[in-house]
Amino acid sequence: MNRAMYSGVAGLRTHQTRMDVIGNNIANVNTVGYKAQAALFSELLYQNSSSASGPNATTGIGGINAKQIGLGVKMASISTNITLPGSAETTNNPFDLRITGDSFFIVNNGRDNMFTRDGSFKVDAAGNLVMSSNGYMVMGWLPDPENPNNIKPDTVSALQIMNAANMTYPPEATTQAYVSGIVDAESPEVNSPDGKLMNLNFYDARGYSYTAKLAIKRVEGSDDTVNSYSCELVKLLDSTGKDVTEISGAKMTNTPVSLMDAEPSSLAASYALAEDGDGYTITYTVDPVTGERIVYTIKDGTNGITATKYADTADTTGTAISDDDEVWEGLAAAFGYDDADAFKMMRSTVVTDDTTTPPTEETFDVATQLASLIENNKMVAGVGADAGKFILNGKYVDGCVIDFDKDGGAFKGLGGTTASTAVLQFGKTGDAASFRDITIDFSTLSNVGNEKVSTASATNGSLQNLGGGRMVGKMSGLSIQNDGKIYAAYDNGQTKLLGQIAAASFANPAGLQKEGDNLYIATQNSGDFDGIGIDITSDGGYMTPGELEMSNVDLSGELTGMIVTQRGFQANSRIITVSDTMLEELINLKR
């Protein structure tokens, strides 16, 4: 009877433990990431009254089983249902993560790595990704320093995703652009002196924005197979509208264009040409009465062109004109040009002093080679009938010349070549040090009818969306992908990989030891953590932002188990009660 009583005591004790487990499960029915436990019993011990004996063929007696009396029950194990996933709860918090599969998040308490299925995270004041409940650091991998677009799996470290370096995205200078659309030959804009204006918005290396105003104009004198249009730089403006063309050194390569209607150029009536030692002079008589005049001296290519103003006939010393623009304005007027800049851009054919028929022609750039025209008497009548003629029969376009096929209007090339790109160049020194040359692609332009409307427009970046440049970007948002990679979005349209949340996998996840706070630690029976972890997707799992994994407790099963446990406890208590009654009857025999 004592054995029965102690068996009852063991039964009460184990059922009480099972009730404790059930109570803990029910208490955590709404705990994030909680894994239900189950208490399992086993027999405690047996007392043998007699051992078993085998059959005896000699005596003809059969075998006898052992006589064993059990001594109660014990707790065999308390197992954790670690592999059964809990239900998903939507929170719409981007830092809440539900992890699937058998893996765990890795967190660190400042000393040791621990593991959890609780994905309720937040960003602390230092920019670290941490657990919301206790501030433990979420661990993962950082981008490869040599290739920031890739993650370098290594020993896990804290993910400081909102540090100072990640709050902004560096600027980048524009290096490529393209012009697309239609250039309609009948468009009033392309046939006007100002041309069809286009704005090319771009950035320098410091992220400041600028606007290059480009103009597409019809070019007279195109050959019989192409229609040609110039794309010229008008001016460069900063973000405030200030003209910074000169400061930036902006220019496009000059392109020569032949004019079909070449006419001899002669000096205006008020100008006179005379030989003067090693050069020539062009004299402009301002006032014939007083003798006021301006003398333009054309020396050889080394000495260049100068201008001296004489006040009257008696003035033999004169005053030099120091303003180079004023000098060119006078020279332009001498050849009938009101616009000095247009005169500079003209090209000239000079008929040399040659007795051959026809005389030899040579082409010069008026702006840079006018002084060299004195050589070989090129500005003086020669022997040949046409010798000495100074013919302005071409010009240089301050930009590029776009050629279209006359047959179908398709883009053919630039400046008589098959090239499709031109370069907007900058000084790149001093105040222009932050500018970068921009390669402009014209290959998508076409020259077709569009109801007299030209739609040509300039866009920064290549046709493959490269080299567009950008301003400094400020962080505007964070997102976490299913593989745990964390990306920052910036208001300049860029994204940046900040890190990746690593996961831990164990050979026997049920062997992990619970530590409270929804945390586990590795044990000898769970397998070791290698310090690096795995990509969650490598074992078929994933992370879902905006959701949490709830408890996997089956409440109906737990309530049923609670009833069974209660009945078992009651029955075991009756064993003690009945055994006590029997002992009492035994004692009463003495009376």
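Predicted model: local features only at pLDDT ≥ 70, side-chain atom pairs only at ≥ 80, totals over all residues.
Strand E7 (residues 104-108) is joined by two bridges to strand E38 (residues 503-504), and the two strands run antiparallel. Strands, here and below, are DSSP runs of at least two residues, labelled E and numbered from the N terminus; two strands are taken to pair if DSSP finds at least two bridges between them. Residues are numbered from 1 along each chain as its sequence is written, and side-chain values use heavy atoms, with hydrogens and water left out.

E7 and E8 form a hairpin with four residues between them, and Gly110 in the turn has a positive phi of about 100 degrees. Strand E11 (residues 137-141) is a further antiparallel partner of E7, joined to it by two bridges; here Asn108 stands opposite Met137. E7 is mostly covered, as five of its five residues are buried, where buried denotes a relative accessible area under 20%, exposed over 50%, and partly exposed in between (1.4 Å probe, protein chains only).

E8 is in turn paired with strand E40 (residues 519-521), in the antiparallel sense over two bridges. The bridge partner of Thr116 in E40 is Leu519.

Asn518 is placed in the loop between strand E39 (513-516) and E40. Phi of Asn518 is near 65 degrees, a positive value in a residue other than glycine. Most residues other than glycine have a negative phi. Asn518 counts as partly exposed because its relative accessibility is 24%. A positive phi, of about 65 degrees, is also found at Asn92, which is not a glycine. Asn92 belongs to the loop between strand E5 (88-90) and strand E6 (97-99). With a relative accessibility of 69%, Asn92 counts as exposed.

Thr255 lies in strand E21 (residues 254-265) and is buried, with a relative accessible area of 13%. The C-alpha atoms of Thr255 and Lys395 are separated by 8.3 Å, although these residues are 140 residues apart along the chain. Leaving aside residues up to four places away in sequence, Thr255 touches Lys395, Tyr396, Val397, Gly399, Cys400, Val401 and Gly415; contact requires heavy atoms within 4.5 Å. The side chain of Thr255 reaches the backbone oxygen of Gly399 at 2.7 Å. This is a polar contact, namely a pair of N or O atoms within 3.5 Å; within protein, one must be able to donate a hydrogen and the other to accept it, and residues adjacent in sequence count only if both atoms are side-chain atoms.

Cys400, one of the residues touched by Thr255, is buried at 5% relative accessibility. The cysteine sulfur closest to that of Cys400 is in Cys231, at 4.9 Å, which is too far for a bond. Cys231 is buried as well, with a relative accessible area of 0%. A search of the whole structure finds zero disulfides, a disulfide being a pair of cysteine sulfur atoms within 2.5 Å.
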